[in-house]
Amino acid sequence: MDNSSSYNSDIYDEKITSVLPYYREYHTQVIDLVRNMGMNSPEWLDTGCGTGTLALRALSEMPGIRFTLADPSENMLDEAKAKLDGRDIRYVNAPSDKLPFIAEFDIITAIQSHHYYDINGRKQAVKRCFDALKKGGVFVTFENIRMSSDISDAIAVTRWKTYQKEHGRSPEDVEAHIARRGTVMFPITIEEHLDMLKKCGFATADILWTSYLQAGFWAVK
Ligand SMILES: C[S@@+](CC[C@H](N)C(=O)[O-])C[C@H]1O[C@@H](n2cnc3c(N)ncnc32)[C@H](O)[C@@H]1O
């Protein structure tokens with residue numbers, strides 16, 4: 001694999017909706033939130049940008065945005081550069097816990113890109129995002145999550161497996177994917193997310209959206 005998601009960069013866009021229910025809705029929710037914050041020509045960092053789909057959609061609706069796109073996978077960044085060819089965008093080849101920015105951005109998004117961290121790495125990554133935001137700026141993240149109990153988590157996992165099989169994935173691929181929970185990805189609960197955001201220093205921390213084993217959060221500095 002040329003990145004830590006379930007698919008290589010060249011087939012990611014085509015395949016990701018077979019893994020993530022409501023994938024496009026994550027971007028819709030982010031853009032809708034940002035549009036309603038009334039920012040004028042905001043500086044926006046998308047960390048773990050993947051193939052740049054969020055940036056492309058956001059720019060088509062709000063052309064004044066100035067984007068910085070970061071990802072530790074060079075292949076993902078190459079896909080993003082091709083998709084956003086001709087636009088004035090800064091690209092950074094780095095993971096979130098190594099972001100070098102201080103108080104530069106009005107918006108930072110991390111969409112399905114922080115659940116690869118263990119709890120300490122995740123805190124470090126979120127703290128770097130906090131440091132990179134201006135005061136009053138917003139951090140928006142979507143994540144694979146864990147339910148609040150083993151009982152509800154097992155039911156939600158069964159539901160997620162069913163979704164993937166009904167969207168063309170083989171039973172073997174689905175089992176291999178779910179086996180990444182606790183080995184390659186380390187999902188935490190909604191409560192743990194909100195607690196971590198507050199401990200990182202954010203003035204507010206709220207749920208933006210949730211379904212299946214995914215949730216979105218937003219936090220204002
Ligand atoms: C599931 S994809 C999501 C891509 C994109 N945000 C989207 O909405 O389609 C996960 C992305 O996170 C990136 N990633 C993996 N580890 C990361 C880290 N430590 N910090 C930032 N991004 C990371 C991967 O390279 C990949 O591009």
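In which sense do E5 and E7 pair, and over how many bridges? Select both strands: E5 and E7 run antiparallel and share seven bridges. Strands here are DSSP runs (E, at least two residues; helices are H or I, at least four), numbered from the N terminus, and two strands count as paired if DSSP finds at least two bridges between them.

The model is predicted, so local features need pLDDT of at least 70 and side-chain atom pairs count only at pLDDT 80 or more, while totals for chains, interfaces and linings use all residues. Residues are numbered from 1 along each chain as its sequence is written, and side-chain values use heavy atoms, with hydrogens and water left out.

**The sheet**

Next, display the seven strands of the open sheet, whose order is E3-E2-E1-E4-E5-E7-E6 with mixed pairing. At its edges lie E3 (90–92) and E6 (206–211), each of which pairs on one side only. From one strand to the next the twist averages 15°; angles are taken between N-to-C directions, from 0 to 180 degrees, with axes fitted to C-alpha atoms (for helices, over the stretch in contact).

Select residues 43–47 and 66–70: these are E1 and E2, paired in the parallel sense over five bridges. Within this pair, Asp46 has Leu69 of E2 as its bridge partner.

Return to E7 (214–220). Six of its seven residues are buried, so E7 is largely enclosed by the rest of the structure; buried means under 20% relative accessible area, exposed over 50%, and partly exposed in between (1.4 Å probe, protein chains only). Phe217 of E7 stands opposite Thr141, and Trp218 of E7 is the bridge partner of Asp206. E6 and E7 pair in the antiparallel sense over five bridges and form a hairpin with two residues between them. In that turn, Tyr212 has a positive phi of about 45°.

**The ligand**

Finally, centre on the ligand, which 21 residues surround; a residue is counted if one of its heavy atoms lies within 4 Å. The closest are Tyr12, Tyr23, Gly48, Asp71 and Tyr117. Polar contacts are pairs of N or O atoms within 3.5 Å. An N or O atom in the Tyr23 side chain is 2.5 Å from a ligand oxygen, and one in the His27 side chain is 2.9 Å from a ligand oxygen. A ligand nitrogen lies 2.8 Å from a polar backbone atom of Ile111. Taken alone the ligand exposes 600 Å², of which the protein buries 94% (Shrake-Rupley method, 1.4 Å probe).

Definitions and conventions:
Contact = heavy atoms within 4.5 Å. Polar contact = N/O pair within 3.5 Å; in protein donor to acceptor, adjacent residues only side chain to side chain.
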